[in-house]
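Please examine the sequence and the structure shown here. The paragraphs that follow proceed from the whole chain to one residue.

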Amino acid sequence: MASVRNLKKDINYVLGDIIEAVYLYELATSGKPSVESNAVIEEAIVAFDTLIAKVNAVKGSDKKASFKAINAELEETANALVAKINALQ
């Protein structure tokens, strides 16, 4: 992990892109938000808040391992959200 700033940027960009994908889905289908699409957006916002709070709470001597774990959690969360976007009908 290069820096805390880059990890925070990654979190922002990845989850921001997921929210943008939901908006594009809405525009391509009905043009209006649905309950399911709003739930995916809300879940992405909650994940963002949670991951940023975890990054800010890292203290101690084993920061590198903590940041790797947060990065892995970001990947898992992003994959789950993309799967939910793909399942929208």
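Two residues are in contact when heavy atoms of theirs lie within 4.5 Å. Among the contacts in the protein chain that join residues at least 6 apart in sequence, 68% link residues at least 24 apart. The model is a predicted one, in which local features need pLDDT of at least 70 and side-chain atom pairs count only at pLDDT 80 or more, while totals for chains, interfaces and linings use all residues. Residues are numbered from 1 along each chain as its sequence is written, and side-chain values use heavy atoms, with hydrogens and water left out.

The protein chain contains 3 helices and 0 strands, in the order α-α-α along the sequence. Here helices (H or I, at least four residues) and strands (E, at least two) are DSSP runs, numbered from the N terminus. Along the principal axes, the C-alpha atoms fill a box of roughly 50 × 15 × 15 Å.

Of the 89 residues in the protein chain, 27% are buried, that is, under 20% relative accessible area (1.4 Å probe, protein chains only).

Which helix holds Glu26? Glu26 belongs to helix H1, which covers residues 4-28. Glu26 is buried but has no salt bridge, a term for a side-chain nitrogen of Lys or Arg within 4 Å of a carboxyl oxygen of Asp or Glu. Its nearest side chain of opposite charge, Lys32, is 12 Å away; Lys and Arg count as positive and Asp and Glu as negative, whereas His and the chain ends are not counted. Beyond its neighbours within four places in sequence, Glu26 has contacts with residues including Lys32, Pro33 and Ile41.

Technical notes:
Buried < 20%, exposed > 50% of the residue type's maximum accessible area, 1.4 Å probe, protein only.
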